[in-house]
Amino acid sequence: MMDDVSVTFDQLTNIGAESPTLIEGFPGFGLVAAIAVDQITNQLELEHHGNIVSEEFPPILSYQDGRVQDMVRVYAGSDHNVMTLQSDLALPPSAFEPLSRCVHEELANEFDRAIFLAGAPAQSEEDIGTVKAITTSEELEADILNAGIELAEGTGLVGGITGALANDCYHNDVSAAVLIVHADPYLPDPGAARSVIKDALEPLVDFDIDTSELEEQSNQIQQQMQ
């Protein structure tokens with residue numbers, strides 16, 4: 001049974017912020033979530049708050065600047081009401097349930113709400129960077145609409161780790177939203193990551209992120225393609 005799979009949150013620091021928002025940035029379509037959350041973590045100078053460890057995660061060594069680190073990490077800080085959840089690698093489906101369980105059982109009491117990011121292929125060049133939202137609660141829906149973010153119309157599905165995390169929040173009464181960001185269908189898209197930060201996360205979470213670096217990266221990619 002999946003409940004028997006070992007998964008733990010190893011906390012390294014104490015959070016000083018009150019009721020932070022958790023923002024997830026796992027590798028996915030266009031690397032939009034990973035790029036955006038990495039930029040937020042660095043810009044806000046969030047500290048390495050802890051690691052999520054499970055036997056279902058791939059047995060791969062992750063390192064930075066010559067030092068070994070756990071693959072799935074949580075960052076937080078006392079100056080901003082933000083936590084980030086990041087992974088260096090896309091996780092296999094067998095890891096979805098234990099990771100989701102760890103988030104709602106061991107982390108949910110530390111954050112007020114969760115925002116998950118999901119890249120989706122843009123149908124046209126004008127569609128790149130547009131953001132639609134899905135939410136689990138009326139309160140968060142009101143915040144989303146007040147921030148000028150449109151709700152996703154019609155019916156649909158969100159798969160992968162993002163869908164698993166959001167679904168687990170929904171069934172455990174954790175206020176959560178998924179921001180679907182339309183990105184380049186073929187390339188990593190720092191421009192779409194910049195759009196979700198500026199057009200959705202900044203008004204929704206109330207912070208200020210310098211995204212000029214992402215704009216430069218997007219321009220470089222476009223020039224190389226041309």
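Let me begin with the largest pocket, which is lined by 35 residues, with Ile-134, Leu-157, Val-158, Val-178 and Ile-180 lying nearest its centre. A pocket here is an open set of points on a 1 Å grid over the protein atoms alone, where a 1.4 Å probe fits, with protein on both sides within 12 Å along at least five of seven lines, and lining residues have an atom within 4 Å of a point. This is a predicted model, in which local features need pLDDT of at least 70 and side-chain atom pairs count only at pLDDT 80 or more, while totals for chains, interfaces and linings use all residues. Residues are numbered from 1 along each chain as its sequence is written, and side-chain values use heavy atoms, with hydrogens and water left out.

Among the elements that each supply at least two residues of this lining are helix H1 and strand S9, but H4 gives the most, with seven residues; helices (H or I, at least four residues) and strands (E, at least two) are DSSP runs, numbered from the N terminus.

Turning to salt bridges, meaning a side-chain nitrogen of Lys or Arg within 4 Å of a carboxyl oxygen of Asp or Glu, a search of the whole structure finds six. One of them joins the side chains of Asp-143 and Arg-113 at 3.3 Å, N to O, and this pair links distant parts of the chain, with Asp-143 in helix H3 and Arg-113 in strand S8, 30 residues apart. Another joins Lys-132 and Glu-150 at 2.5 Å, N to O, and here strand S9 holds Lys-132 while strand S10 holds Glu-150.
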